[in-house]
Amino acid sequence: PTAEAAKYASNAFLATRLSYVNELAAFCEHVDANVTDVLQIMSLDTRIGKDFLNPGPGWGGSCLPKDTRALLASAQSSGYDFKVLRAAVEANDDQIERVIRKANDLVALDGAQVALLGLSFKANTNDLRRSPAVAIAEQLATKGATIAGHDPIVEATAVAHLKNFTFFDNVYDACQDADLIIVATEWQDYRSLDVDKIAELMSQLNVLDTRNLLNSDDWTGFIYASMGAPTITPT
């Protein structure tokens with residue numbers, strides 16, 4: 001029993017930490033606080049540190065979802081209600097809908113053209129297993145949006161099943177005529193985009209940065225929304 005608990009405990013703890021950060025980001029939006037500043041201050045506490053303190057569209061991949069659910073199943077079979085972990089999973093399940101609501105606040109999704117930047121569940125991999133970006137694409141399609149997707153290494157065949165979805169090898173082609181850009185994976189490539197070129201390509205200048213990856217100062221003239229901070233509008 002000890003070995004089994006140890007097998008799942010670390011990933012379940014990290015998942016809980018990430019869910020807390022995402023819930024904290026949502027709270028900051030309600031009180032007009034900036035979660036980036038809040039997390040930076042928290043990270044100065046050596047008991048907390050700076051790792052796994054980045055808000056996002058939810059955690060995915062193969063390990064965190066599998067191990068959290070395995071630990072919950074083990075708890076249930078033993079007659080124990082693991083309340084904190086159960087809440088962490090529920091909060092993560094709600095995170096995609098939170099992203100979709102934020103997107104719809106920026107532009108009416110029914111009939112919108114959305115450029116979805118990043119498809120893998122995290123940067124530096126082509127792994128799509130339980131990818132929040134894929135879940136976002138699926139939800140956008142159900143809302144009537146058309147999605148133009150891009151990822152530096154994911155191949156088009158891996159996402160060919162997605163509805164209302166077209167894959168582009170070139171990120172700027174994905175932004176052509178877009179009403180909204182959603183940054184869904186924290187690829188560093190997206191930090192160096194030619195913002196002026198993108199502004200000329202898009203139909204409406206809206207950005208939803210679900211990874212808080214971009215420098216908002218670079219996106220002058222855009223309505224810029226992120227996770228856990230007030231939306232920035234052009235002055």
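## A charged pair within a helix

Arg86 and Glu90 form a salt bridge, with their closest N and O atoms 3.8 Å apart. A salt bridge here is a side-chain nitrogen of Lys or Arg within 4 Å of a carboxyl oxygen of Asp or Glu. Side chains of opposite charge can pair when their charged atoms come close. Both Arg86 and Glu90 belong to helix H4 (residues 83-106), where they sit four residues apart, about one turn of the helix. Helices (H or I, at least four residues) and strands (E, at least two) are DSSP runs, numbered from the N terminus.

How open to the surroundings are these two? Arg86 counts as partly exposed because its relative accessibility is 33%, and Glu90 is partly exposed at 41%. For these labels, buried means under 20% relative accessible area, exposed means over 50%, and partly exposed lies in between (1.4 Å probe, protein chains only).

## Where the numbers come from

This is a predicted model, in which local features need pLDDT of at least 70 and side-chain atom pairs count only at pLDDT 80 or more, while totals for chains, interfaces and linings use all residues. Residues are numbered from 1 along each chain as its sequence is written, and side-chain values use heavy atoms, with hydrogens and water left out.

## Other salt bridges

How many salt bridges does a search of the whole structure find? The count is ten. One of them joins the side chains of Asp127 and Arg129, at 2.8 Å from N to O. Asp127 is buried because its relative accessibility is 14%.

Glu186 and Arg211 also meet through their side chains in a salt bridge, at 3.4 Å from N to O. This pair links distant parts of the chain, 25 residues apart: Glu186 is in the loop between strand S4 (180-183) and helix H7 (195-201), and Arg211 is in the loop between S5 and S6. Glu186 is partly exposed at 26% relative accessibility, whereas Arg211, at 16%, is buried. Elsewhere, salt bridges that share partners join Lys7, Lys66 and Asp67 into one network.

## An aspartate in a loop

Asp218 lies in the loop between strand S5 (206-209) and strand S6 (223-226). With a relative accessibility of 41%, Asp218 counts as partly exposed.

## Cysteines without disulfides

A disulfide is a pair of cysteine sulfur atoms within 2.5 Å, and a search of the whole structure finds zero of them. Are Cys28 and Cys175 buried or exposed? Cys28 is buried because its relative accessibility is 2%, and Cys175 is buried at 0%.

## The whole chain

The protein chain has seven helices and six strands. From the N terminus on, these elements run α-α-α-α-β-α-β-β-α-β-α-β-β. Along its principal axes, the C-alpha trace spans about 60 × 40 × 30 Å.

With 235 residues, a compact globule would have a radius of gyration near 18 Å, and the chain agrees, with 18 Å. That radius is taken over C-alpha atoms, and the globule rule is 2.2 Å times the number of residues to the power 0.38. Buried residues make up 47% of the 235 residues. Among contacts (heavy atoms within 4.5 Å) with a separation of 6 or more, 68% involve residues 24 or more positions apart.
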